[in-house]
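Hello,

Here is the structure I promised to pass on to you.

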Amino acid sequence: MATEEAKAHLKEHGWVIIPDVIPKELALEALDGLWRAKKAAEDDGMPSHIPHLDPNSNNVRIFNLMERDQVFRDLVCHPIGVEMVKSVFGENFLISNLSANIARPGAASMSLHSDQSFSFPEPWQGIWVMNVFWCLTDVTKGNGATLYIPGSNKWSTRADIPSNAPELLVPFEAKAGDIIVMDGRLWHTSGSNVTKDQDRAMLFGYYTYPMMRPIVNWTAKLSKELQDSFSPELRQWLALDIYGNVPILGDMRYMSDQFPNINVKEDKV
């Protein structure tokens, strides 16, 4: 169970690290699954190096993990991760993407960005997207930990980015089995892996407010057989049913219940 302290830290700072969410054995199982998923994706013609994201092929990207292995589906639906997402969005949210990144020795940093800046126009006055990072290996500054700028979750436009932004970056360091929960407004980048023999592997569950269209069209991407195997809850989170965007934001009581002390006279016809 996520603590109230963790939720408060996320709300104030835009991030929180929760230790020991899964055993290291499960993290290793997921890591093995990533390498199998990489091969399966490449066999399907999907590259693991995306040049507009990463400077070189030592940064391995693996997409569409929802269809690859049950272990990934279990992690993106893990109760602690989901509890943290609900602490931001409320009961309604969508799983927009499920991917992974393995920073191998020699991997270099991508752009400085916030995930929300890719998905939502400025000014960013609320949280509309967020990530849960599953650390499948130990994550250190040396092996390519995500670098972030403290306090940048308060920035509302690109004009807030200071000219010395790279000097402000600090690493998220964590152990295999930990999760890093991140507000989509937090500015960050992938770190460089300067080690000789250490991989840094993380699984990314990307969640959004339900009014936003998911990055992945799960209806088109996932086989009907797989979709039919999902629980009603997961189907809702993937917007697989007829109504995929029905957040309840306001007060939907009848007006007579909203204003019980006001007697409105209706004209007779």
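Helix α2 gives the most to the lining of the largest cavity, with three residues. This is a predicted model, where local features need pLDDT of at least 70 and side-chain atom pairs count only at pLDDT 80 or more, while totals for chains, interfaces and linings use all residues. Residues are numbered from 1 along each chain as its sequence is written, and side-chain values use heavy atoms, leaving out hydrogens and water.

**The cavity**

The whole structure has one cavity of 30 Å³ or more, and about 40 Å³ of space lies in the largest cavity. (A cavity is a set of points on a 1 Å grid over the protein atoms alone where a 1.4 Å probe fits but cannot get out; lining residues have an atom within 4 Å of a point.) Its lining is K38, A41, E42, M46, P47, S48, R61, I62 and F63. Both α2 (24-43) and β2 (59-62) supply at least two residues each; helices are DSSP runs of H or I with at least four residues, and strands are runs of E with at least two.

**Helix α4**

In α4 (residues 79-89), the buried residues are I80, G81, V82, E83, M84, V85 and F89. Buried means under 20% relative accessible area, exposed over 50%, and partly exposed in between, with a 1.4 Å probe and protein chains only. After α4 comes G90, with a positive phi near 90°.

**Around I262**

I262 is in the segment after α9 (255-258). I262 counts as exposed because its relative accessibility is 56%.

Happy exploring!

Notes. On a 1 Å grid over the protein atoms alone, a cavity is a set of points where a 1.4 Å probe fits but cannot get out, and a pocket is an open set with protein on both sides within 12 Å along at least five of seven lines; lining residues have an atom within 4 Å of a point. Grid points are joined across faces, edges and corners, and a volume is the space filled by probe spheres set on the points.
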